Amino acid sequence: MSSTEATKNNQADSPRIVRISDFKNQVGKEVRLQGWLHNKRSSGKLQFLIVRDGSGFAQAVVAKAAVPEAAWTVAEAMGQESSLELTGRVKEDKRAPGGFEVDVTGLRAVQIAHDYPITPKEHGTAFLMENRHLWLRSPRQHAVIRIRHAVVKGVRDYLDDQGFTLVDTPIFTPAACEGTTTLFAVPYFDEGTAYLTQSGQLYNEANAAAHGKVYCFGPTFRAEKSKTRRHLTEFWMVEPEMAFAHLEDAVKVAEGLIVSVVERVLETRGEELKVLERDAAKLGHVKSPFPWLHYDDAIKLIQSKGSQTQWGSDFGGTDETVIGEAYDRPVVVHRFPAAIKAFYMEPDPERAELTLSADILAPEGYGEIVGGGERMSSAEKLQQRIQEHNLPEEAFRWYLDLRKYGSVPHAGFGMGIERLVTWICGLEHLRETIAFPRMLYRIYP
Ligand code: 4AD
Ligand code: MG
């Protein structure tokens, strides 16, 4: 217990501060609850307060006969999102939101609020985004962020348990990793221009040669001019990288990771999935093995469903949806043409125009969640690629060194957390999966 908590809890005769998530262990006991008024209705001599405290929602019943007059008056005066502290006895009540109810014995307002902009009625998305700092308190947004937390923890636990070492990679970088068209430039002292990282992969490759199996997990930036429901300009990506590994090894880790994270969410975030009205049965299909689909066959598949996309092009959002919808679990699309992939991809030894690359597409039309593959291990070929892609050779000197001193086959992938959470939560748009999304037309709040 912290010292402030101790002082608070030592107030004479005052019951312990308890969080709503712990009510199940407090039935029949007198507790103190600190939170905000989510909603209120009254019927004569009773006022029903729905209180949220960050850990959950609970109904607090204020009976005029059971509380001091001041408490009754305060309950009447409090508008939505007033902050408050109450004492009362915890009861189990299956009908109450959250399953518990508190019979209030004392109540005080910390701050009385009025005219909270987000009322229980429907609001448009533009309005909600403008009020994102408040929207985060709503039950659905609360549920999404809690699922995101479970996903992040699931990712870390899985990789840590598999023997990966977390090595953080820089955010300021001297050059592009995923193409030069989506770079955010930042003035960097006398060094000229730095760029916000598009991926930690290149540094991860150095880290993998030091630690064998590594991952980085942080924010990445893409100056994507695309205004779609799948693109943020700032998103979080987990990127595992392994030495002495091939494409199949990387995909195996990605598959194990996705299966384990989905299982974790089903086990620990059932309540939140219910709030989101997510069909959890669909997530139950997410089991190994994932199907593999060669790029050639993926093109045939989408063309058979009416796509105009030709061999040699990247898939559009609709193409990804069509491919993903053909399976009940994520599908591994592999061996994309070199011409549409990043400079570092290892060519397919059997067909030089293809790469040892793979994207994993989520089912239900959610599109790409993972991109990765095997990295070029020959210094000569890599240098040639850097030139072909018009990349500044000087900035990649260190990267070429990795191919000169103990080069090994190595592979890895990146998984976008917001894309994964969007699919797991069954959302329309990935903007709800991060507290403060950064998009082409939004940087406030
Ligand atoms: O396919 P991408 O561009 O791959 C890389 O960056 C590799 N260097 C990763 C690696 O091999 N270490 O991005 C990987 C994933 C995508 O599959 C997607 O989930 C996510 O990052 N992503 C985005 N998420 C949100 N908004 C965007 N603009 C995204 N761009 C990519
Ligand atoms: Mg990709």
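Reader: By class, which residues make up the shell around ligand 1?

Author: The shell has eight nonpolar, eight polar and eight charged residues, where Asp, Glu, Lys and Arg count as charged, Ala, Val, Leu, Ile, Met, Phe, Trp, Tyr, Cys and Pro as nonpolar, and the others, Gly among them, as polar. Please keep in mind that this is a predicted model, in which local features need pLDDT of at least 70 and side-chain atom pairs pLDDT 80 or more, while totals for chains, interfaces and linings use all residues. Residues are numbered from 1 along each chain as its sequence is written, chains are lettered from A and ligands numbered from 1 in the order written, and side-chain values use heavy atoms, without hydrogens or water.

Reader: And which residues are the closest to ligand 1?

Author: Glu178, Gln201, Arg222, Glu239 and Glu368 are the closest of the 24 residues that surround ligand 1, a residue being counted if one of its heavy atoms lies within 4 Å.

Reader: What do Ile369, Gly371 and Arg375 contribute?

Author: Each has an atom in polar contact, meaning a pair of N or O atoms within 3.5 Å, with an oxygen atom of ligand 1. For Ile369 a backbone N or O atom lies 2.9 Å away from such an oxygen, for Gly371 a backbone N or O atom lies 3.5 Å away, and for Arg375 a polar side-chain atom lies 2.9 Å away.

Reader: How much of ligand 1 does the protein bury?

Author: The protein buries 94% of the 630 Å² that ligand 1 exposes when taken alone, with areas from the Shrake-Rupley method and a 1.4 Å probe.

Reader: Which elements give two or more residues to that shell?

Author: Those are strand 11 (234-243), strand 17 (367-374) and strand 18 (410-416), and strand 17 gives the most, with five residues; strands are DSSP runs of at least two residues, helices of at least four.

Reader: What about phi at Glu277?

Author: Phi of Glu277 is near 55 degrees, a positive value in a residue other than glycine, and Glu277 sits in the loop between helix 8 (270-275) and helix 9. Most residues other than glycine have a negative phi, and most peptide bonds are trans.

Notes: Polar contact = N/O pair within 3.5 Å; in protein donor to acceptor, adjacent residues only side chain to side chain.
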